[in-house]
2 protein chains.
Amino acid sequence: MEKAASQRASDVAYDKIRQFVLSGTAEPGEQLTEEQLARISGVSRTPVREAVRRLENELLIVRSGSKRLFVADWSADDIDEMFILRGMLEGHAASRAARNITEQMLEELATVSDVLDAAVQASPPDIAAFLAQNRRFHDIILEAARSPRLSAILPTLIEQPVVSRTAQQYRVDELLQSARDHRELIAAFAARDAHWARAVMTSHIRRAFHAFSITAVRRKEQRRAND
Amino acid sequence: MEKAASQRASDVAYDKIRQFVLSGTAEPGEQLTEEQLARISGVSRTPVREAVRRLENELLIVRSGSKRLFVADWSADDIDEMFILRGMLEGHAASRAARNITEQMLEELATVSDVLDAAVQASPPDIAAFLAQNRRFHDIILEAARSPRLSAILPTLIEQPVVSRTAQQYRVDELLQSARDHRELIAAFAARDAHWARAVMTSHIRRAFHAFSITAVRRKEQRRAND
DNA sequence: CGATAGACATTTGTATACAATACCGTCAAC
DNA sequence: GTTGACGGTATTGTATACAAATGTCTATCG
């Protein structure tokens, strides 16, 4: 129901190319040609161009000079920066949401939070469900913030693979804490306390950042062990 | 040398349509068709579509339902939000710049600042020169911040007409304070003091916001006087 | 008189052909 | 041996024709 029917070819191209880039099938730094992307997504070059423009805007694809296309190659600093910007902007979104959220949205958040709790408390935890509900949770907040600007900017900072990789490596207690954050956010919204909401959201994101960083370290160690 | 040769038709279209929308020639809420925009910019619909995509991303153009194009109509809340986001992000940019700026860039900032001072102290103040140098100043900082993300996001929040309208209505003492801010920013950068730089930049933007708001009030009064 | 269905006009979406431009390898001259 | 110019090739940029979708107007039926 979520990623539903994108009938337009340019949307199909967007999804396919995005997946192609993010799944790691394409190497970072690798060149992409419009024709190749057209073959991959099964449409002509015209909608591919539109899709590429969008992905370029999200910095998933970069242009050399101002012509050829390449898969973006993120540095550690880029990742840090993403989390810092997310912290600021999602914190701001939470702050606005606390002021603008409706009763109905609050109820929705509660419902999502229930499902999320169940996913976390299952053994083993249902990571896929966690991710889906987590995303839904943040989407509702963004909607409640009622800021077209934020709605345009924030999604480009939340690369699902980063979120996913973070969650995959979460320990159970970290998942539980994440779920508790959601509960506390709902409390802050219900109290219409913008400062509280911002603070909770900020620490929520920062914790995710550190969890992500640790997985980077773990991966490094694993690679070393494999040598 | 700055806005130089955008030879690509899609860039020509972008500039023309942007000007068309921002100059007020097109009424907010008015419908735009791709063909009309193609006529205006003297190119075919294909590059127009790319230009429209970009402008859509900047929220200068919006899509109704999911097709037709309209000139965006900003509410007061939208403007507030723009200044808040600018404050956060330009503050962050200044903070990063304080850590990453090169000696050469510092010298450039000093040069720009000299020209800016001269423009402000002339009588009457040279607003056009002020705007040009002000823009250059902020561009250098953004470059010094070395954050591709910020470079992608920030320009969409800085609508030149807003900046221009703000500056047009600045009183002389406000212009002087703005120039002093720039000097202080340079000092903060030279000291490599990220917190200082952020604070100065934040108040710099907030002052601009209030100057802008006051012009809105003045305009309202003028309109009333004209009735 | 109001509502609704259907035809028609308008507008956006896509594909393809062709033009312009950038890249890269080769060859020649110094 | 290195550098620079030339030309072929790969790739992006633009225009146009056509298809799909959306909005609008009118005529007819309840």
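## A tour of rings, helices and a DNA strand

Start by selecting Phe83(A), Phe209(A) and Phe212(A): ring pairs link these three into a cluster. Rings of Phe, Tyr and Trp (its six-membered ring) count as a pair if their centres lie within 6.5 Å; planes under 30 degrees apart are stacked, over 60 edge-to-face, and the rest tilted.

Before you click on, two notes. This is a predicted model, where local features need pLDDT of at least 70 and side-chain atom pairs count only at pLDDT 80 or more, while totals for chains, interfaces and linings use all residues. Residues are numbered from 1 along each chain as its sequence is written, chains are lettered from A and ligands numbered from 1 in the order in which they are written, and side-chain values use heavy atoms, leaving out hydrogens and water.

**Stop 1: ring pairs**

How many aromatic pairs are there over all chains? The count comes to six. Zoom in on Phe83(A) and Phe212(A): their ring centres are 5.7 Å apart and their planes sit at 45°, so this pair is tilted. The pair joins distant parts of the chain, with Phe83(A) in helix H4 (residues 76-100) of chain A and Phe212(A) in helix H10 (residues 194-226) of chain A, 129 residues apart. Helices here are DSSP runs (H or I, at least four residues), numbered from the N terminus. (Buried means under 20% relative accessible area, exposed over 50%, and partly exposed in between, using a 1.4 Å probe and protein chains only.)

Now hop to chain B and pick Phe130(B) and Tyr170(B). Their ring centres are 6.3 Å apart with planes at 90°, so the pair is edge-to-face. Phe130(B) is in helix H6 (residues 127-145) of chain B, and Tyr170(B), 40 residues apart from it, is in the loop between helix H8 (160-169) and helix H9 (172-190). Both residues are buried.

**Stop 2: charges over rings**

Select Arg54(B) and Tyr14(B): the charged end of Arg54(B) sits over the Tyr14(B) ring, 3.8 Å from its centre. (That takes NZ of Lys or CZ of Arg within 6 Å of the ring centre and within 35 degrees of the ring normal.) Next, show Arg149(B), which lies over the face of Trp74(A), 5.4 Å from the ring centre.

**Stop 3: Phe20(B)**

Click on Phe20(B) in helix H1 of chain B. Its relative accessibility is 15%, so Phe20(B) counts as buried. Leaving aside neighbours within four places in sequence, what is Phe20(B) in contact with (heavy atoms within 4.5 Å)? The list is Thr25(B), Ala26(B), Leu32(B), Gln36(B), Leu37(B) and Ile40(B).

**Stop 4: DNA strand D**

Finally, show DNA strand D. Around it are 19 residues, and Arg45(A), Arg49(A), Ala9(B), Ser44(B) and Thr46(B) come nearest. (A residue is near the strand if one of its heavy atoms lies within 4 Å of it.) Helix H3 (45-57) of chain A, plus helix H1 (9-22) and helix H3 (45-57) of chain B, each supply at least two residues of this surface.

For one base, look at Arg45(A): a side-chain N or O atom is 2.9 Å from a base nitrogen.

Definitions and conventions
Polar contact = N/O pair within 3.5 Å; in protein donor to acceptor, adjacent residues only side chain to side chain. Contact = heavy atoms within 4.5 Å.
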